[in-house]
Amino acid sequence: MTKTLKAGTHQLVFTSGVNDRIAEDSKFAKFVYQSLLRFNRGDWGSVEAEDWKANDVDLKSLNNGGWYGRILASYDGIIWIIRNTAEEDGTQAITVLFPDEY
């Protein structure tokens, strides 16, 4: 069974470091794009098994509505992708960042 993030209203955010590298390096831009596709399919990359399981539980909760929290993925130790949902208003953001920018 394929896991997929439910479509919704969210912002896609790149840190300035990631944005600058995307602008300079088309190979890196393709890597980020492919990582976002993996993230959308519920492939959390190279996170620890415990984090992977927690993300799967949170994804199920998210797709059933009423979820507020964070899903974290790591791709090749190069970038992290984090999905947050604010408890106050349900605003969702997907942020692409370098690990040292956290």
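**The nonpolar core and what surrounds it**

Tutor: The largest nonpolar core has 17 residues, and those with the most contacts inside it are Phe28, Phe39, Trp44, Tyr75, Ile79, Ile81 and Val96. Keep in mind that this is a predicted model.

Student: Which elements give two or more residues to this core?

Tutor: Helix H2 (26–40) does, along with strand S2 (70–75), strand S3 (79–85) and strand S4 (92–97). H2 supplies the largest share, five residues.

Student: How many helices and strands does the protein chain have?

Tutor: The protein chain has three helices and four strands. Along the sequence they follow the pattern β-α-α-α-β-β-β.

Student: And what share of the residues is buried?

Tutor: The chain has 102 residues, and 32% of them count as buried. As for the surface, the accessible area is about 6,400 Å², with 50% of it belonging to carbon and sulfur atoms.

Student: What about contacts between residues at least 6 apart in sequence? How many of those join residues at least 24 apart?

Tutor: The share is 52%.

Student: Back to H2. Which of its residues are buried?

Tutor: In H2, the buried residues are Phe28, Phe31, Val32, Ser35, Leu36 and Phe39. Seen down the helix axis, the buried residues of H2 fall within an arc of 135 degrees, so they line one face.

Student: Why would residues a few places apart point the same way?

Tutor: An α-helix has 3.6 residues a turn, so residues three or four places apart point the same way.

Student: What does the buried side of H2 pack against?

Tutor: The buried residues of H2 pack against strand S1 (10–14), helix H1 (16–24), S2, S3 and S4.

Student: And which exposed residues are on the face turned away from that side?

Tutor: That face of H2 carries Ser26, Lys27, Lys30 and Tyr33, which are exposed.

Student: How far apart are the end C-alpha atoms of H2?

Tutor: They are 21 Å apart. H2 has 15 residues, and at 1.5 Å a residue it should span 21 Å, so the two values agree.

Student: New topic. How many salt bridges are there?

Tutor: The count comes to two salt bridges. One joins the side chains of Arg21 and Asp25, with N to O at 3.5 Å. The other is between Asp43 and Arg38, whose closest N and O atoms are 2.9 Å apart.

Student: Are Arg21 and Asp25 buried, exposed or partly exposed, and what are the values?

Tutor: Arg21 is partly exposed, at 34% relative accessibility. Asp25 is partly exposed too, with a relative accessible area of 26%.

Student: And what about Arg38?

Tutor: Arg38 counts as partly exposed, at 24% relative accessibility.

Student: Now Thr95. Where is it, and is it buried or exposed?

Tutor: Thr95 is in strand S4. Thr95 counts as buried because its relative accessibility is 18% and the cut-off for buried is under 20%.

Student: What is Thr95 in contact with?

Tutor: Leaving aside neighbours within four places in sequence, Thr95 is in contact with Val13, Thr15, Trp80, Ile81 and Ile82. Of these, Ile81 is also listed among the core residues with the most contacts.

Student: What about Asp76? Where is that one?

Tutor: Asp76 is in the loop between S2 and S3. Its relative accessible area is 57%, so Asp76 is exposed. Asp76 also has a positive phi of about 55 degrees, although it is not a glycine.

Student: And Arg70? Which residues is it in contact with?

Tutor: Arg70 is in strand S2 and is partly exposed at 38% relative accessibility. Leaving aside neighbours within four places in sequence, its contacts are Asn55, Asp58, Ile82, Arg83, Asn84 and Tyr102.

Student: How far is Arg70 from Ala54, C-alpha to C-alpha?

Tutor: They are 9.7 Å apart in space and 16 residues apart in sequence.

Student: Last one. Where is Asp51, and how far is it from Leu72?

Tutor: Asp51 is in helix H3 (residues 49–63), and it is partly exposed, with a relative accessible area of 35%. Asp51 and Leu72 are 21 residues apart in sequence, and their C-alpha atoms are 7.8 Å apart in space.

Technical notes:
Residues are numbered from 1 along each chain as its sequence is written. This is a predicted model: local features need pLDDT of at least 70, side-chain atom pairs count only at pLDDT 80 or more; totals for chains, interfaces and linings use all residues. Side-chain values use heavy atoms; hydrogens and water are left out. A salt bridge is a side-chain nitrogen of Lys or Arg within 4 Å of a carboxyl oxygen of Asp or Glu. Buried means under 20% relative accessible area, exposed over 50%, partly exposed in between (1.4 Å probe, protein chains only). A nonpolar core is a set of buried Ala, Val, Leu, Ile, Met, Phe, Trp, Tyr and Cys residues joined through side-chain atoms within 4.5 Å. Contact means heavy atoms within 4.5 Å. Accessible areas come from the Shrake-Rupley method with a 1.4 Å probe; for residues, only the protein chains shown count as cover. The expected span of a helix is 1.5 Å times one less than its number of residues. The arc is that of the directions from the helix axis to the C-beta atoms.
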